[in-house]
Amino acid sequence: MYQSKWRIFTNHTILILGALFMIMPVWIAFASSTHTREFIFQNGLQFWPGGHMIDNYGAILFDPSATKGRVTALEMLFNSMVLGLGFAIGKVIISMMAAYAIVYFRFKLAVPLFWVIFSTLLLPLEVRIVPSYEVVANLGLLNTYTGLILPLIASATGTFFFRQFYRSVPDELLEAARLDGAGPIRFFIDILVPLSVTMIAAIFIIMFVVGWNQYLWPLLMTTDDQLYTIVIGIKQVYNSLYEGGQIPQFPKAFALTIMATIPPVLVVVIFQRMFIKGLVETEK
Amino acid sequence: MKRVQFEHSAVPYLFIAPQILIISIFFLWPAAQAVYQSFLLEDAFGMSSQFVWFRNFEDVLSSASWSRSAIFTVIFSVLVAVISIAISLFLAVRADEVIRGAKSYRTLLMWGYAIAPPVAGLLGNMMFNPLMGDLYKAFNSFGFEFNHIQNANDAAFVVILIAVWKQVSVNFIFFLSGLQGIPKSVQEAATLDCKSAERRFWTITFPLLAPTTFFLLVINLTYAFFETFGIIDVSTKGSPGGATATLVYKVYVDGFIGADLGGSSAQSVLLMIMVSVLTVFQFRFIERKVHY
Amino acid sequence: MATVTLNQAEKTYPNGFKAIHGIDLAIEDGEFTVLVGPSGCGKSTLLRMIAGLESISGGEISIDGKVVNKVAPADRDIAMVFQNYALYPHMNNFDNMAYGLRNRGYSKADIESKVREAARILQLEDHLDRKPRQLSGGQRQRVAMGRAIVRQPKVFLFDEPLSNLDAKLRVDMRLEIKNLQQRLGITSVYVTHDQVEAMTLADRLIVMNGGIAEQIGTPIDIYEKPATRFVAGFIGSPAMNFLDGVISDDGKHVTVGDGGMLDIDHNIAGGRAVVAGIRPEHLSIAQTGQGMINATVRMVESLGAETLVYLDFGSKADNVTLRLQGTHNFSRNDALGLTVQADKIHLFDTESGNRL
């Protein structure tokens, strides 16, 4: 299509500026994380990387004392992975099943149960945080992976997504399957699930990122630092930055920040197409 | 509703049970607790509680700090929504037009979704750090007396900037997708009818993007209301003096840190009412009616 | 005076693909020119280059004597009708037609009268308040044409405007377009892949293939004297029959297939290998003594007013089509001797495909 040379030029300029706007903070954090703390303390944030990347990153990955706690970044990364994967897997399975029941079955409690699920959209976790904490504490699930993951799954977003998708599946498929003698469970496993694979992948990616990036809930219910996710680890490190009268350990804190960011960003960028497809489908 | 459905007794219950179970334990029960506690007042020692009907609500609604927080939340949310929508729309239009490097630009602009709110808050904190933050230095060197630790407006500026920065990616993705949904031939016809690209945007592109824009408005308002907790907690922590505490943040501060269960539960209930209104609005006017 | 001139116009895409190879074309004022050819031949690309929707890589395009290579589409004083109408979905039909005028600063009264006049011509007066989605395909196409007419441009461009309509509608709209153009007298360039549309609409026809113009001429000229084998096979339905053959030594016959001989009247050296082209309607049943070929009936299609007979000739199957008036009673495997008048045989070079 026709574009004047000026328009093309301004387009590229604007987009480059936009990309820089997004990337600058992260780049500065990364560059600053590769210097010693004395250097940062004296010279402020850096644009250009220094030579201490291996030192800093190695230290926080393997040395618990580097993060002022008893846990290494590696262990925290592991916890984040468990949270991200567990949350995504749990979400996908439960929402798929619930959406299947709602869309494909006529049963007595269908309508009230649908509205119960819908109601979870009205009271996000942040708002019911205190009683949620109490419930989990009473169940003895504080400082457990289960307690970390389960309460987060109790929301309707995934279910609505699959509900929408199932409604778009042609009825003829079900009719043909019935003629072929497939019962409801068979139909689900043999036909619907394979059909949903791209959707499942898309939702999985989104939920993995959501799970990995959880903040408030893990903050509250994990007091045992063996269970810290890397996002929580960052907060703890920053809290203790100015303690002890020593030069603040900025580079290591930045390194932790970068490490908390890389995995979800990589996932989102590598699986871009699927991710965007999943995200945009939720609009319709 | 599907035209064809199974009639079956046990299977649907089986399938829906896990979600219902989890919802009951981890949502319905805490939600009911929150509502119940909003009607209670604990004594000074937390030993007994008294049923006080709507007194907690009265206290909350008449408290200055809640009003201030509510006003801040509204202004904050509207500004974050409008600014990040404007920026991302601006970027998306250009990204839709370029041919060379289209995929690269898209990649460079969409990854912000993967950033955790606390990480965004941290990066903002870093950039505005009085000791070494580049933006802190930059603003002060231009003659503004920038002090977000003590000045409420400067602090608000910081959290708004951070929240906008993080949200641009999501809006960008949706706008780009919306733009790509406009038929190319319609855009070409517009090229023949109208020489100015700017005018074409406002008369043709923007009206056709209206559904996406409304949708994003709701999404962004919701984001600003709730998902910015992480940003605030790691940057300004609501200071100075609660000036940058959104309503959600205040629930946390009062309830968890201040141990005012009754008050924070009442705030939760009020928030729940506000969300319900937003959600109903979203489903009614933007998506087709939610019906079984 | 609105002429359109192409001078060695070329288009190469960034990936290296050359879509248009040096085309020269001179369209007169008020002429209805049709670009026709198979998919991918470059006809739409050429049209879009005239519009300015595609940039030009080499050569010049001039409208009304002025070179427009670097002129923005909106400034070329052209209007275009798209294949899928490209109406603005959020505006009603009146606004759709008025949009271009509003952007050019016409007065409200002016716009009002121009749009209403166009609506009258196109019988759209009752539909002006409606939105495009409330209209049928044919009506939408008329709104698209209305949008072009109100501008009173120097050139009309049509990009396969009838392809999305059903068959009957296509025929009706074809006539409407032709009438409209003759009435308004505006220079028009029309792209289609349908050779019936091409033949009926064109004052002049350009047959394109692979980015080049194989022949430019009036429809009848192209039909009766196709310049290349490609043009001969593309124009005319059912398509021309092609038989490989050799000119006899005395230059008075061409031998085709297994020895069938046909009289020719061309001035070509004996012994040369050629491709002989004969239109189905020019074949007739041979009387004895005439140069003929022997073919076997494979299938017969009786259309009432005419009959199409598909025959096998030589060692090939289904390679000859015969078109006869009225109804005939042939059956499969009947043997027919076919002949053709010497001046109705087209001979082409086997390699270049050019007319001999």
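In chain C, an open sheet of mixed pairing is built from 6 strands in the order β6-β7-β8-β3-β9-β10, where strands are DSSP runs of E of at least two residues, numbered from the N terminus, and two strands pair if DSSP finds at least two bridges between them. The model is predicted, with pLDDT of at least 70 needed for local features and 80 or more for side-chain atom pairs, whereas totals for chains, interfaces and linings use all residues. Residues are numbered from 1 along each chain as its sequence is written, chains are lettered from A and ligands numbered from 1 in the order in which they are written, and side-chain values use heavy atoms, without hydrogens and water.

β6(C) pairs in the parallel sense with β7 (residues 155–159) of chain C over 4 bridges, and C:F158 in β7(C) is the bridge partner of C:V81.

Over all chains, the structure holds 44 aromatic pairs, a pair being rings of Phe, Tyr and Trp (its six-membered ring) with centres within 6.5 Å, stacked if the planes are under 30 degrees apart, edge-to-face if over 60 and tilted otherwise. A:F250 and A:F254 form a stacked pair, 6.1 Å centre to centre with 20° between the planes. The rings of C:F156 and C:F158, with centres 5.9 Å apart and planes at 65°, form an edge-to-face pair, and both residues are buried.

How values were computed
Buried < 20%, exposed > 50% of the residue type's maximum accessible area, 1.4 Å probe, protein only.
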